Amino acid sequence: MSKRSAADSQTEGQAYTKVSGNASRRNDATADEMGEFEDAWEDEIESEGEAVDADADGGVDGMDVDEVMPAIEESEEKPSEPEAFIPGTHVLGKDEVLEPDDTVYIMRHSMNVSWPCLSFDVLRDNLGDERQRYPAVAYIVAGTQADRGSNNEVSVYKMSSLYRTQKNGEDSDSDGEDNEDDLDEDPVLEYRSVPHDGGVNRVRAQPLPPSSGLPPVSQPYYAATWAETGKVHIWDIRPLIESLDTPGYSLEKTRTNKPTFSINSHGHAEGFAMDWASSGGANPSALRLLTGDIHSKIYLTITTPSGFNPLSQPFVSHTSSVEDIQWSPTEPTVFASCSADCSVQIWDVRTRGRQSATGIDHAHESDVNVISWNRNTTYLMLSGGDEGGIKVWDLRSVKKRGSSGGVSSPVAAFTWHKAPITSIEWHSTDDSVFVASGADDQVTLWDLGVEQDDEDVGTAMNVTPDGDQEVPPQLLFIHQGQKDVKEVHWHPQIPGTVITTALDGFNIFKT
């Protein structure tokens, strides 16, 4: 981001002198006895000598001649280079706004929606993995936060015409031909919606195996929503996707407009924490769903050949609101949770009494809002706190409950964000890269593999002018421009692509 003056500068042009409206009349010609013919065009043509004499006398027949002003020369001074805006170091002036620097983006698009979405999830599609071609296409499922409960919806969005970002002075093609990847087109946002009772606190889509496409339209593709009413609804969104891709496809309202199943285990207590267990395939019988509420309880719902079956006994080691849940990427019976009680807990669903065996009791100074389990290096976990801190934990060194040895310590900690961390997620394939969003309207990209050179320590590249805020070398990128960013996800099939949701809609970008 760079900053500039919000008001366009105005150039005062020099006023030109107006020509006099009173032109002196020419004298009537005197005719002699011979009666000479008068040349009708005689007075319009002057000899070169007459023109010179007229200039010398200051006018012709007493007519005032306006002074010709010299041409206004444009300033040769080059405009100042835009200044990179670093939060915590720079402060916007009264008449300054942020402008994105499109030279650092491969792709950047913004899309507005009718109602803001507090949560969304990326949907798999049949367009292939490791996609690099543009324009790109992406599918997401989201839930709204409308002004009234009856106006809320669950929506499947299709983002298309996601072309490369055009850069100033960039030629589309060296041969003068149009490059299909680089057309300057606006993105297209299409959607299909079904009504939802109450605002959607969180939405999560059924996980599908890597490198697999969508199930056939005859088979379900589930998404779960945590409603502010205290219920968890499970929806079959596969027909909604089909209607976006197949013109004329008729939706079966009996299949889409009502939840496939509703979980009432939490009573009237709403919640935010929710995660599906990774299944070995698209077989619904392998699915398991965890949900945590603001009254510190976590419930497990499993699937059987006859449908969904919520288990009645909750997991009860937390003492305050459960904020986030993540299943282990490798152990099918293990999951982690974080809470407003400042702790991160590790659970095994086979444990009697539904108590966690391992935990980090003081993971943060305040509420622990979000966690993310590394799917490649599975002993690494991220946590984000209400104080704005981000911590990296090595689960191999986390102490078991009742054991001696002191409090567990993170292997890395960052305090860049100045407001609560609202979302955090490891990269799907690069085990050292993660993305985070905060209530300070920042989306940050990090790489733990970056180390600071000794000769750079203390230089202006790493320390603010006041010397009180060091810019971490692991901080690769700051994306700004949105208000009240709530959630961020990598797109698993388009490497390096990030999608965010905020009060003013969705952003999708690749740096």
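Is C117 buried or exposed? C117 is buried, because its relative accessibility is 3%. Buried is under 20% relative accessible area, exposed over 50%, partly exposed in between, with a 1.4 Å probe and protein chains only. C342 counts as buried too, at 16%.

Some ground rules. This is a predicted model: local features need pLDDT of at least 70, side-chain atom pairs count only at pLDDT 80 or more, and totals for chains, interfaces and linings use all residues. Residues are numbered from 1 along each chain as its sequence is written, and side-chain values use heavy atoms, with hydrogens and water left out.

Now salt bridges: a side-chain nitrogen of Lys or Arg within 4 Å of a carboxyl oxygen of Asp or Glu. The structure has 12. Take D245 and K158, with closest N and O atoms 3.2 Å apart. D245 sits in helix α2 (residues 238-245) and K158 in strand β7 (residues 153-162), so the pair ties together parts 87 residues apart in sequence. Helices (H or I, at least four residues) and strands (E, at least two) are DSSP runs, numbered from the N terminus. D245 is partly exposed at 34%; K158 is buried at 15%.

Next, E487 bridges to R202 at 4.0 Å. E487 lies in strand β29 and R202 in strand β9, 285 residues apart. E487 is buried at 3%, and R202 is buried at 10%.

Last, D236 and R255 meet at 2.6 Å, N to O. Both D236 and R255 are buried.
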